[in-house]
Amino acid sequence: VHRDPARYIMNAGGYGSGKTESSIKDREKKGLITPGGQTLFCAPTMPQLIATLMKDFESDMPIDFIKHYSAKDNKFTLINGHEYLYRSFDDPHKLRSLNLSDFVVVEGSGASYATFTQLQNRLRNSAATILERDEQGNPIFEQDEEGNWTPRIKYDWRAGTIETNPDPG
């Protein structure tokens with residue numbers, strides 16, 4: 001899973017199979033190499049998120065890397081500016097203002113397609129990209145069909161993972 005270059009990954013398995021541990025390790029690494037990025041951990045309800053990923057992730061993250069923690073806002077920020085957020089997705093509109101570089105959906109079987117498409121649209125934080133540059137070090141731009149100029153991306157590690165326990169059928 002960690003070597004898969006796909007933007008979206010489904011991690012399915014039974015209880016205790018390592019889905020959450022895999023997400024934790026991957027998001028620790030990505031947070032450390034993505035200054036200014038924003039990672040979202042979400043589940044259908046906050047109690048589901050707290051009981052699974054949240055407590056394990058926070059106990060594994062070295063305290064010296066944390067710059068600010070807000071229990072009220074369900075977020076913390078690393079010393080490099082990377083922000084981790086915890087949210088429920090009982091209403092996909094709650095996810096609208098986010099500027100994500102990464103996300104993890106816990107209990108994906110409880111997510112609607114509208115939630116997933118909202119998360120896809122929020123995966124727009126350029127901190128998780130490296131631009132392609134010319135010999136002088138200037139970004140290379142390309143023109144699209146509508147005439148807009150956008151920078152050419154050399155590396156892009158924006159991603160989303162959906163964790164789920166498969167049900168019969």
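Mentor: A nonpolar core is a set of buried Ala, Val, Leu, Ile, Met, Phe, Trp, Tyr and Cys residues joined through side-chain atoms within 4.5 Å; buried means under 20% relative accessible area, exposed over 50%, partly exposed in between (1.4 Å probe, protein chains only). The model here is predicted: local features need pLDDT of at least 70, side-chain atom pairs count only at 80 or more, and totals for chains, interfaces and linings use all residues. Residues are numbered from 1 along each chain as its sequence is written, and side-chain values use heavy atoms, leaving out hydrogens and water.

Trainee: Okay, which element gives the most residues to the largest nonpolar core?

Mentor: That core has 15 residues, and Phe 41, Leu 49, Leu 53, Phe 57, Phe 76, Tyr 84 and Tyr 86 have the most contacts inside it. At least two residues come from each of β2, α2, β4 and β5 (83–88); helices (H or I, at least four residues) and strands (E, at least two) are DSSP runs, numbered from the N terminus. With five residues, the top supplier is α2.

Trainee: How many residues are in the other core?

Mentor: This core lies apart from the largest one, and its members include Leu 40, Phe 89, Leu 98 and Phe 103. Its total number of residues is 13.

Trainee: Back to Phe 57: which residues does it touch, leaving aside neighbours within four places in sequence?

Mentor: Contact means heavy atoms within 4.5 Å. By that rule, the partners of Phe 57 are Ile 24, Arg 27, Glu 28, Phe 41, Phe 76, Tyr 84 and Tyr 86.

Trainee: Glu 28 is on that list, so to speak; what separates it from Lys 25 in helix α1?

Mentor: Those two form a salt bridge (side-chain nitrogen of Lys or Arg within 4 Å of a carboxyl oxygen of Asp or Glu), with their closest N and O atoms 3.9 Å apart. Glu 28 is buried, at 11% relative accessible area, while Lys 25 is partly exposed at 37%. Because they sit three residues apart in α1 (residues 19–32), what separates them is about one helical turn.

Trainee: How many residues apart are Arg 152 and Glu 142?

Mentor: Their side chains form a salt bridge, 2.9 Å from N to O. The pair links distant parts of the chain, with Arg 152 in the loop between β9 (149–151) and β10 (153–156) and Glu 142 in strand β8 (residues 141–143), and the separation is 10 residues.

Trainee: What is the relative accessibility of Glu 107?

Mentor: Most residues other than glycine have a negative phi. Glu 107 has a positive one, near 60°, and lies in the loop between β6 (102–105) and α3 (113–122). It counts as partly exposed, because its relative accessibility is 25%.

Trainee: Last one: how far apart in space are Pro 44 and Arg 3?

Mentor: Pro 44 lies in the loop between β2 (38–43) and α2, and one of its contacts is Glu 107. In sequence, Pro 44 and Arg 3 are 41 residues apart; C-alpha to C-alpha, the distance is 28 Å.
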